[in-house]
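Reader: I would like to go through the packing in this model. Please take it one element at a time.

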Amino acid sequence: MTKYSVLCCFCFLCCGPLLWAQPMNKSSFTVVPLGVKGGIDESNLSSYMLAPAGTHEYVCLDAGTIYYGLHKAVEAHVFDSSESIVLQHYIKGYLISHAHLDHVAGLIINSPDDAPKNIYGTAYCLNILRDKYFTWEAWANFANEGEKPALGKYHYIYLSSDSETAIAHTSMYVRSFPLSHGAPYQGTAFLLRRDSAYILYLGDTGADETEHSDKLQMLWKAVAPLIKAGQIKGIFIETSYPNEQPEKQLFGHLTPRLLMQEMTILSHLAGAKAMKGLPVLITHMKPTGHPEATIKKQLAALNTLQLQLIFPAQASPIKL
């Protein structure tokens with residue numbers, strides 16, 4: 001199984017990214033990135049398979065790229081089964097943070113060959129899937145709601161920020177939180193739990209400062225006790241642009257400065273000690289005109305909290 005890449009602040013500045021071995025403590029979750037970027041590369045768009053460690057109870061956190069990511073994972077011997085078997089049987093459902101194409105294209109394109117399963121999301125997100133994508137004019141309605149005939153392969157499960165929802169055919173539960181992604185457009189954060197271990201996944205989001213919002217502040221207040229208790233095993237959060245990106249051209253995204261500003265706010269709630277070494281997986285870097293090395297270098301320079309910065313690579317498993 002391929003190891004994941006972690007940016008060591010000092011080593012990056014001197015030598016570039018290194019392979020970082022998993023700590024000796026037992027992992028709680030396995031992540032297989034099927035796509036990690038934002039932007040124009042349709043072969044590598046946001047999609048992360050997540051399962052409790054030692055199981056094939058995977059869900060997809062967003063679904064921008066599916067088949068090509070599975071192909072790369074099978075090619076790398078991450079899975080012993082074929083792409084079709086993993087798609088139909090290992091992936092138990094989809095958690096969609098928002099309905100922009102770079103987060104749902106793989107789900108739509110692969111739907112004819114998929115098996116019946118649930119799509120989890122907020123009403124805001126699922127209504128777009130129902131009314132704009134899974135229609136007979138745009139594609140075909142493989143879901144259980146919307147234009148007739150509704151084929152019923154997928155079932156929409158509407159999430160609430162007030163309570164957990166069991167994820168069918170897994171031992172995991174999920175709770176959703178609203179995000180601001182270029183107000184008034186909405187995104188979603190998912191807090192997933194298996195027993196007493198948690199993963200926090202944020203879809204695309206702007207900072208409260210630039211969004212004139214309190215969505216991240218409310219999320220940090222909710223998860224700070226879990227971080228303080230050591231129960232959150234990793235946070236997925238985007239950093240789409242380098243610091244040089246003008247605020248008016250952020251389009252509801254984060255830069256290294258804004259990300260670390262938000263992490264500092266979280267540390268005031270959870271405590272700096274709890275934040276030290278916390279795995280933070282950087283997602284959705286835009287490939288066009290913005291070298292990833294610039295974003296990584298800026299993050300390293302601002303990482304005074306000593307977060308464990310992880311840069312997922314397509315088809316390279318991560319243990320959390």
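Reader: Which elements do the buried residues of H5 pack against?

Author: The model is a predicted one. Helix H5 spans residues 123-133, and its buried residues are Cys125, Leu126, Leu129 and Tyr133. Their partners are helix H4 (101-110), strand E7 (117-121) and strand E8 (154-158).

Reader: Within what arc do the buried residues of H5 fall, seen down the axis?

Author: An α-helix has 3.6 residues a turn, so residues three or four places apart point the same way. The buried residues of H5 are Cys125, Leu126, Leu129 and Tyr133. Viewed along the axis of H5, they line one face of the helix, because they fall within an arc of 95 degrees.

Reader: Which element gives the most to the largest nonpolar core?

Author: The largest nonpolar core has 38 residues, and Leu202, Leu219, Trp220 and Met263 have the most contacts inside it. Elements that each supply at least two residues include strand E10 (173-180), strand E12 (197-202) and helix H7 (215-228). With seven residues, the element giving the most to this core is H7.

Reader: How many residues does the second, separate core have?

Author: Leu70, Tyr90, Tyr133 and Tyr185 are among its members. Tyr133 is also one of the buried residues of H5. The size of this second core is 36 residues.

Reader: Is serine 240 buried or exposed, and which side chain does a polar contact of 2.9 Å join to that of serine 240?

Author: Serine 240 sits in the loop between strand E13 (232-238) and helix H8 (256-270). Its relative accessible area is 0%, so serine 240 is buried. Beyond its neighbours within four places in sequence, its contacts include Leu254, Met285 and Ile295. The polar contact of 2.9 Å is with the side chain of histidine 284.

Terms used. Residues are numbered from 1 along each chain as its sequence is written. This is a predicted model: local features need pLDDT of at least 70, side-chain atom pairs count only at pLDDT 80 or more; totals for chains, interfaces and linings use all residues. Side-chain values use heavy atoms; hydrogens and water are left out. Helices (H or I, at least four residues) and strands (E, at least two) are DSSP runs, numbered from the N terminus. Buried means under 20% relative accessible area, exposed over 50%, partly exposed in between (1.4 Å probe, protein chains only). A polar contact is a pair of N or O atoms within 3.5 Å; within protein, one must be able to donate a hydrogen and the other to accept it, and residues adjacent in sequence count only if both atoms are side-chain atoms. Contact means heavy atoms within 4.5 Å. The arc is that of the directions from the helix axis to the C-beta atoms. A nonpolar core is a set of buried Ala, Val, Leu, Ile, Met, Phe, Trp, Tyr and Cys residues joined through side-chain atoms within 4.5 Å.
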